[in-house]
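I am opening these notes to record what I looked up in one structure. The entries follow the order in which I worked.

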Amino acid sequence: GKLSGGMYKKLGRICALLRSPRIMLLDEPTNGVDPISRREFWDLLYRLSDQKILILVTTAYMDEAERCGCVHLLSEGKVVAEGEPRELLIREGVGSFDELFLKRSAHGH
């Protein structure tokens, strides 16, 4: 009960890894986490991915979406765009996921 939000999330990830998972589903894992912890978290995810662990991440941070190998952009519960981040941006003719979200979301029309 005395851990900060960021430390609590780190503890949760460590506990999950103790079971040697093949798949991890992380729901907004960096929400409320400081920038240094966010960077450390993504470094850890890359190392886990190298170990052939499938990692599914939900995030509202568009810069984090760009770090993923494959993205499914949702708006109002529906997939509005999907693919490898760089290819998706090129295909959609936008420079960032923020632009893509605005372009493809129901509120961006």
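What percentage of the 109 residues in the protein is buried? I find that buried residues make up 30% of the 109, where buried means under 20% relative accessible area, exposed over 50% and partly exposed in between (1.4 Å probe, protein chains only).

Ground rules. I am working on a predicted model, in which local features need pLDDT of at least 70 and side-chain atom pairs count only at pLDDT 80 or more, while totals for chains, interfaces and linings use all residues. Residues are numbered from 1 along each chain as its sequence is written, and side-chain values use heavy atoms, with hydrogens and water left out.

Overall layout. I count five helices and four strands, taking DSSP runs numbered from the N terminus (helices H or I, at least four residues; strands E, at least two). Along the sequence I read the pattern α-β-α-β-α-β-β-α-α. The C-alpha atoms fill a box of roughly 45 × 30 × 25 Å along the principal axes. I also looked up contacts, defined as heavy atoms within 4.5 Å. Of those with a separation of 6 or more, 46% are between residues 24 or more positions apart.

Cores. I searched for nonpolar cores, each a set of buried Ala, Val, Leu, Ile, Met, Phe, Trp, Tyr and Cys residues joined through side-chain atoms within 4.5 Å. The largest has 11 residues, including Met62, Val80, Leu89 and Val94. Two or more of its residues come from each of α3 (62-65), β3 (71-75), β4 (78-83), α4 (85-92) and α5 (97-104). Another core, of eight residues, lies apart from it, and Leu26, Trp42, Leu45 and Ile53 are among its members. For context, nonpolar side chains in soluble globular proteins tend to be buried together.

Alanine 65 touches Thr59, Val71, Pro85 and Phe97, residues up to four places away in sequence not being counted. Alanine 81 lies in strand β4 and counts as buried because its relative accessibility is 6%. With the same exclusion of residues up to four places away, alanine 81 touches Val71, His72, Leu73, Leu88 and Leu100. From alanine 81 to phenylalanine 97 I note 16 residues in sequence and 10 Å in space, C-alpha to C-alpha.

Aromatic pairs. How many aromatic pairs does a search of the whole structure find? I get two. The criterion is that rings of Phe, Tyr and Trp (its six-membered ring) have centres within 6.5 Å; planes under 30 degrees apart count as stacked, over 60 as edge-to-face and the rest as tilted. Phenylalanine 41 and tryptophan 42 form an edge-to-face pair, because their planes are at 80°, with centres 5.7 Å apart. Tryptophan 42 and tyrosine 46 have centres 6.2 Å apart and planes at 50°, so I list this pair as tilted. Together the ring pairs link Phe41, Trp42 and Tyr46 into a cluster.

Tryptophan 42 and tyrosine 46 both lie in helix α2 (residues 35-50), four residues apart, about one turn. Tryptophan 42 is buried at 4% relative accessibility, whereas tyrosine 46 is partly exposed at 36%.

Threonine 30 and arginine 38. I place threonine 30 in the loop between β1 (23-27) and α2. Threonine 30 is buried, at 2% relative accessibility. Beyond four places in sequence, threonine 30 touches Lys9, Arg38, Phe41, Trp42, Tyr61 and Glu64. The charged end of arginine 38 sits over the ring of tyrosine 61, 4.6 Å from its centre; the test is NZ of Lys or CZ of Arg within 6 Å of the ring centre and within 35 degrees of the ring normal.

Pocket. Which residues lie nearest the centre of the largest pocket? I find Leu56, Val57, Thr58, Cys68 and Cys70, out of 26 lining residues. On a 1 Å grid over the protein atoms alone, a pocket is an open set of points where a 1.4 Å probe fits, with protein on both sides within 12 Å along at least five of seven lines, and lining residues have an atom within 4 Å of a point. β2 gives the largest share of the lining, five residues.

Valine 57 lies in strand β2 and is partly exposed, with a relative accessible area of 24%. Leaving aside neighbours within four places in sequence, valine 57 is in contact with Leu26, Pro29, Trp42 and Leu45.
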